[in-house]
Amino acid sequence: MQRDQRSLVGTALLLTGSHEQAIRLVLRSFHTVALSWPPPVWENPTTHAQIALYRRFLQRPSAAGATALVRLPARQRLLVVACLHDGRTRAEMAAVLGVPEDTVRTEIAEAVETLTKGDEKRLVARMATAAGEASVPDLSALCVRTLKRRRARGVLLTVAAALVPVALIVAFTVLQRGEVLNSALSGRGGVEAIEGHEPVRAIATPTPAPSPSGSPAENGASPGASPGTTPSKAASPKAVQPGTTASPAPWRAPRTSSVIRYAVPARCPGEDVPARDGDVVCAGWTLRLAPGASASAAAGDCEGGGPCESTVSVPDAAQRLAHGDGKRPRLDPAISRDGRRIAYLSAAERRYVAHDLGSGVKRYLSPVLVPADTEKGTLVSVSPDGRHFTVVLGGRRLRTDFTTGALTPVPATRELPADRAAPWLGERYGTWAGSPNGRYAAAVGGGKAAHRDARGPLGLHVIDTAARRVLRRLPLPDVGRPAEGAVVSWLNGREVVVRMSAADGGEPLGLFRVNAVTGRAHRLAGLPADAALVLGAAKAL
């Protein structure tokens, strides 16, 4: 191109009379040559480019300026330039245009007579002078860039065309084989009869009596709320008689730009509430919302000049399940790391659901649960990017892509190392938390608060879950008095949140973010240290 572009631009300038149109015409001819690259060994690329330029010009002839040449008809102009300036023979141009050779000779003779009164040499000299005045930028970079874009577009279209029939076949297969899983999205009740089990029942949380002390955690307010902030009217679950099957209505997420800073559970009834194995005996979580990155800092400023926070009640979120052994483990919701999405077991719908606060979109993450799904425990987790939610039901795992709504089972071979090591971690440490990538776990080990096999001084253990060995033993944050700790969760891939309490009476001493590599600790202010806690947006902490 760098060798031949000047001659081609000169030819295009004679045909169009405009530098801009000439460059555009040459680029189109280059594209035509490149799309059939490499050329046959007997074909000259310059000849190919010239023929492509001629045909492009005849498809959309253009004329600019007031020169005598551009006043000729398009075909006469092309024949004069090709034969008298570019050196093409009459026979070649007759083959290109598909006309008799005599027609070519006649039209060239008419054009020469019109322009120079029959003086062919004079016309050739004038065209050479006009073509030599062409201003030619380097077209190579522009042409190659355009060709790469066209190639990428072509590849994408080809892949899309190939995937469409495959996607239709897969969708048809999934619809035929996945009737049980589809019921989670369509609301069909077929799964409730699986293996003859009765569906999980839900019992709403009774409203607790106000505490004489008036503490926020005991009268239904959100722990850690700033002065002057009150919970929504739905913060306290509707009172029902213990043992009834009444439950709150399904929760509808508010469409808001705020993010979830943390979630705390409502108070549960006493352990004497009658319930069958697998029943939801307590429901209700309170979300603490903080303004998102797109919220205006000036809107609703609170005391201290910062933007106001708010609380939202989710009375539908299950909190505890009954088991035949008398245990009632707490079910924590899963909150994405950006604080935009939350997933939980719905006490009203008896299945796992997920909500996006920004768009208000709701996704079902599981079919309706039966007692067999909760015999070995159940939980929900979210991927670091907030897109995939995984639900554990008995011995199976279901993963949902929130963006598309696709629900697929997860084979045991694809479980994270932390999931495979969960029984061992639970037996050795009791309370632990897995890192976002599942390769590590954090727990407080050593001392009297740990299992007898975890010898050594009390400290934060960082564990390689695949090898099941302790990588680091870090000191707990110094609070100035004898204290114990418990891991709340991982804040990101390097930091762990630890709750500290007094060793002599369990008095809460605060929450700390501890670097799992260096052991450096910082106190987290504005978080309730005396309540169970599920952290949300890391940037809002």
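Phe-389 is buried, because its relative accessible area is 0%. In this report, buried stands for under 20% relative accessible area, exposed for over 50%, and partly exposed for values in between, using a 1.4 Å probe and protein chains only. The structure is a predicted model, in which local features need pLDDT of at least 70 and side-chain atom pairs count only at pLDDT 80 or more, while totals for chains, interfaces and linings use all residues. Residues are numbered from 1 along each chain as its sequence is written, and side-chain values use heavy atoms, with hydrogens and water left out.

**Aromatic pairs**

The structure contains two aromatic pairs. In one of them, Phe-389 and Phe-402 have ring centres 6.1 Å apart and planes at 55 degrees, so the arrangement is tilted. This pair connects distant parts of the chain, 13 residues apart: Phe-389 belongs to strand 9 (residues 388–393), whereas Phe-402 sits in the loop between strand 10 (396–401) and strand 11 (407–409).

Rings of Phe, Tyr and Trp (its six-membered ring) pair if their centres lie within 6.5 Å, and planes under 30 degrees apart count as stacked, over 60 as edge-to-face and the rest as tilted. Helices (H or I, at least four residues) and strands (E, at least two) are DSSP runs numbered from the N terminus.

**Salt bridges**

There are 16 salt bridges in the whole structure, each being a side-chain nitrogen of Lys or Arg within 4 Å of a carboxyl oxygen of Asp or Glu. One of them joins Arg-261 to Glu-309, with the closest N and O atoms 3.7 Å apart. The two residues come from distant parts of the chain, 48 residues apart, with Arg-261 in strand 1 (residues 259–265) and Glu-309 in the loop between strand 2 (280–290) and strand 3 (310–321).

Another salt bridge is formed by the side chains of Lys-362 and Glu-349, at 2.6 Å from N to O. Lys-362 is in strand 7 (residues 362–364) and Glu-349 in the loop between strand 5 (341–346) and strand 6 (351–356), so the contact ties together parts 13 residues apart in sequence.

A further salt bridge pairs Glu-507 with Arg-481, the closest N and O atoms being 3.4 Å apart. Here both partners are in loops: Glu-507 between strand 17 (495–502) and strand 18 (508–515), Arg-481 between strand 15 (469–474) and strand 16 (483–490), so parts 26 residues apart in sequence are tied together.

| Residue | Relative accessible area | Class |
|---|---|---|
| Arg-261 | 8% | buried |
| Glu-309 | 22% | partly exposed |
| Lys-362 | 30% | partly exposed |
| Glu-349 | 17% | buried |
| Glu-507 | 43% | partly exposed |
| Arg-481 | 35% | partly exposed |

Through shared partners, salt bridges also join Arg-261, Arg-288 and Glu-309 into one network.

**Surface patches**

Arg-28, Arg-56, Arg-60, Arg-145, Arg-149, Arg-150 and Arg-153 form a positive surface patch. Helix 8 (residues 140–177) supplies the largest share of the positive patch, four residues. Arg-56 lies in helix 3 (residues 45–59) and is partly exposed, because its relative accessibility is 31%.

A nonpolar surface patch of about 410 Å² consists of Val-155, Val-159, Leu-163, Val-166 and Val-170. Val-166 is part of helix 8 and is partly exposed, with 44% relative accessible area.

Patch residues have over 30% relative accessible area and no salt bridge, with like charges joined within 9 Å and nonpolar side chains (Val, Leu, Ile, Met, Phe, Trp, Tyr) within 5 Å. Lys and Arg count as positive and Asp and Glu as negative, with His and the chain ends not counted. A charge is placed at NZ of Lys, CZ of Arg, CG of Asp or CD of Glu. Accessible areas come from the Shrake-Rupley method with a 1.4 Å probe, and for residues only the protein chains shown count as cover.

**Two further buried residues**

Leu-533 is located in the loop between strand 19 (521–524) and strand 20 (534–535). With a relative accessible area of 6%, Leu-533 is buried. Its C-alpha atom is 7.3 Å from that of Val-488, 45 residues away along the chain.

Glu-107 is located in helix 6 (residues 101–116) and is buried, at 12% relative accessibility. The C-alpha atoms of Glu-107 and Pro-73 are separated by 10.0 Å, and the two residues are 34 residues apart along the chain.
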